[in-house]
Amino acid sequence: MRTSTLVIVVVCAGSGPAHADPSPSALIDAFKVPPAVLVGAFGGGHGHATRAPHGWFFGADTGIAWLVGASDVEARTTGGSSIDSKAWCFGARAGYQLASGLAVQARFDKLGVGAPDGSGELVAVTAGVRYSLPVVPMPFAEALVGSAVHGDDMSPMIGLGVGASLFVARHLSFDASLRDWIVDIDGMHHIPTLMLGISAGFGG
């Protein structure tokens with residue numbers, strides 16, 4: 001009898017202080033790490049806690065651009081003048097962001113490099129789409145189409161870009177991007193740009 005009583009006392013003493021709701025949800029709550037919440041991601045998200053902002057936005061970028069292509073070496077001596085093949089560039093953009101992560105945007109970029117035919121400095125005026133993934137930092141990919149303006153001439157241009165945004169507030173982010181601008185001026189040429197920028201948004 002003493003042995004049985006001792007066992008009962010030991011079991012009660014061991015289980016009493018540690019007694020808790022044994023349900024799975026209680027166990028999960030006990031060991032749950034607070035989830036990372038997107039505080040400004042322009043991309044999607046599910047549920048109230050991770051719902052990302054959407055609405056109008058604008059931004060500005062600056063960085064460096066290079067002119068590369070099959071005939072750019074010969075083109076730089078066209079007319080006896082020097083053509084810049086590397087230069088600082090800057091851009092401005094505005095558009096509308098959907099909660100799904102898809103955005104439509106228009107861009108103006110002063111690329112700084114000279115046109116391969118020597119007709120003037122290249123300026124890109126484009127419009128297109130960007131899709132962002134709702135993770136931190138937020139990666140994005142974009143496609144743009146428009147015109148390259150150089151002197152009195154205009155040429156078709158497309159741009160393909162990738163990058164990432166780091167949000168410091170719900171509607172404010174710092175961006176890093178790499179784009180390849182493709183233009184046909186006396187042959188196909190590529191103008192890669194590496195840029196840093198800032199974006200601000202208005203909306204939900």
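# Reading a predicted fold

User: Which ring does the charged end of Arg130 sit over?

Analyst: The ring of Phe140. The charged end of Arg130 is 3.7 Å from the centre of that ring. Keep in mind that this is a predicted model.

User: How do I get an overview of the chain? How many helices and strands are there?

Analyst: Count the elements, then read their order. The chain has three helices and nine strands. Along the sequence the pattern runs α-α-β-β-α-β-β-β-β-β-β-β. Next, look at contacts. Take those in the chain with a separation of 6 or more: 59% of them join residues 24 or more positions apart.

User: What about the surface? What share of the residues is buried?

Analyst: Of the 204 residues, 35% count as buried. The chain exposes about 11300 Å². Carbon and sulfur atoms supply 71% of that area.

User: How do I read a nonpolar core? How many residues does the largest one have?

Analyst: Start with the general idea. In soluble globular proteins, nonpolar side chains tend to be buried together. Now this case. The largest nonpolar core has 17 residues. Among those with the most contacts inside it are Leu111, Leu122, Trp181 and Ile191.

User: Which strands each supply at least two residues of this core?

Analyst: There is a list to learn: β3 (86-97), β4 (102-114), β5 (121-132), β6 (138-150), β8 (172-184) and β9 (188-203). Take Leu122 as an example. Beyond four places in sequence, Leu122 touches residues including Leu111, Val113, Val149, Ile185 and Ile191.

User: Now a single residue. Is Met195 buried or exposed?

Analyst: Compare its relative accessible area with the cut-off. Met195 has 3%, and buried means under 20%, so Met195 is buried. Met195 is found in strand β9. Past its neighbours within four places, Met195 is in contact with Asp61, Cys89, Phe90, Arg107 and Asp175, among others. Phe90 shows the reach of the fold. Met195 and Phe90 are 105 residues apart in sequence, yet 8.0 Å apart from C-alpha to C-alpha.

User: Which side chain does the side chain of Gln105 join in a polar contact?

Analyst: That of Glu142, at 2.8 Å. Gln105 also lies in strand β4. Its relative accessible area is 5%, so Gln105 is buried. Among the residues Gln105 touches are Phe57, Arg93, Val129 and Leu144.

User: How do I read aromatic pairs? How many does the structure hold?

Analyst: Two. For each pair, check the distance between ring centres, then the angle between planes. In the pair Trp56 and Tyr96, the centres are 5.1 Å apart and the planes stand at 80 degrees. Planes over 60 degrees apart count as edge-to-face, so this pair is edge-to-face. Trp56 is in strand β1 (residues 55-66) and Tyr96 in strand β3, so the pair ties together parts 40 residues apart in sequence. Trp56 is exposed, at 57%. Tyr96 is partly exposed, at 28%.

User: And are the rings of Phe58 and Phe202 stacked or edge-to-face?

Analyst: Their centres are 5.9 Å apart and their planes are at 25 degrees, so the pair is stacked. Phe58 is in strand β1 and Phe202 in strand β9, 144 residues apart. Phe58 counts as partly exposed, at 43% relative accessibility. Phe202 is exposed, at 53%.

User: Now the backbone. Which two residues does a cis peptide bond join?

Analyst: Val136 and Pro137. Read the omega angle: here omega is about -10 degrees. Pro137 lies in the loop between β5 and β6.

User: What is phi of Asp186 near?

Analyst: Phi of Asp186 is near 55 degrees, a positive value in a residue other than glycine. Asp186 lies in the loop between β8 and β9. Then check its cover. Its relative accessibility is 59%, and exposed means over 50%, so Asp186 counts as exposed.

Notes:
Residues numbered from 1 in each chain as written. Predicted model: local features only at pLDDT ≥ 70, side-chain atom pairs only at ≥ 80, totals over all residues. Heavy atoms only, no water. Core = buried A, V, L, I, M, F, W, Y, C linked by side-chain atoms within 4.5 Å. Buried < 20%, exposed > 50% of the residue type's maximum accessible area, 1.4 Å probe, protein only. Helix = DSSP H or I, 4+ residues; strand = E, 2+ residues; numbered from the N terminus. Contact = heavy atoms within 4.5 Å. Areas by Shrake-Rupley, 256 points an atom, 1.4 Å probe, with all protein chains shown as cover. Polar contact = N/O pair within 3.5 Å; in protein donor to acceptor, adjacent residues only side chain to side chain. Phe/Tyr/Trp six-rings, centres within 6.5 Å; stacked < 30°, edge-to-face > 60°. Lys NZ or Arg CZ within 6 Å of the ring centre and 35° of its normal.
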